[in-house]
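Thank you all for coming.

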Amino acid sequence: MKTFAKLSLAAFACVVGAAIAAPKAWDGTYSSFSGNYLIYSNDLDEKAAPTPSDSRVAFMVEGTLAKSLFDSIGPDKKEACGASADLRVRECGDLDCTFDRLNKKNPYTCHFGLNLKTGKSIEGATC
């Protein structure tokens with residue numbers, strides 16, 4: 001009987017563990033995220049205040065959304081600016097994401113941008 005109880009307990013633990021580890025089913029609802037933005041004109045490396053003829057926005061997101069984006073756009077870029085043993089970089093079009101092994105609080109970060117006059121996607125970060 002003890003063996004049956006042990007096996008039952010082990011099976012229950014496996015089922016509960018699998019249920020806890022299972023990702024939430026997709027339900028089509030929006031989720032919140034953590035991020036920052038900058039509205040500017042010119043280029044990011046020479047940014048200035050936005051003007052009526054030139055307004056752009058750069059977004060930076062962190063946390064769960066950044067991890068999801070990072071995981072979705074692989075593989076790592078080995079020759080990317082800043083890439084190292086501690087900083088993994090992934091890029092897809094104007095979206096770039098990093099995983100920083102040394103940043104324990106927010107290891108995942110992504111950047112992207114929009115030209116507010118044309119609506120076209122632009123890079124959201126410089127090297």
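Let me begin with the lining of the largest pocket, to which strand S3 (87-92), strand S4 (95-100) and strand S5 (108-115) each contribute at least two residues. Please keep in mind that this is a predicted model, in which local features need pLDDT of at least 70 and side-chain atom pairs count only at pLDDT 80 or more, while totals for chains, interfaces and linings use all residues. Residues are numbered from 1 along each chain as its sequence is written, and side-chain values use heavy atoms, with hydrogens and water left out.

A pocket is an open set of points on a 1 Å grid over the protein atoms alone, where a 1.4 Å probe fits, with protein on both sides within 12 Å along at least five of seven lines, and lining residues have an atom within 4 Å of a point.

The largest pocket holds about 320 Å³ of space. Of its 17 lining residues, Glu-91, Asp-96, Ala-125, Thr-126 and Cys-127 are the closest to the centre. The second largest pocket holds about 240 Å³, and its lining consists of Tyr-30, Ser-31, Ser-32, Phe-33, Thr-64, Leu-65 and Ser-68.

Turning to the loop between S4 and S5, we find Asn-103 there. The C-alpha atom of Asn-103 is separated by 9.4 Å from that of Asp-86, although the two are 17 residues apart along the chain. A polar atom of the Asn-103 side chain lies 3.2 Å from the backbone nitrogen of Lys-105.

Terms used. Grid points are joined across faces, edges and corners, and a volume is the space filled by probe spheres set on the points. Helices (H or I, at least four residues) and strands (E, at least two) are DSSP runs, numbered from the N terminus. A polar contact is a pair of N or O atoms within 3.5 Å; within protein, one must be able to donate a hydrogen and the other to accept it, and residues adjacent in sequence count only if both atoms are side-chain atoms.
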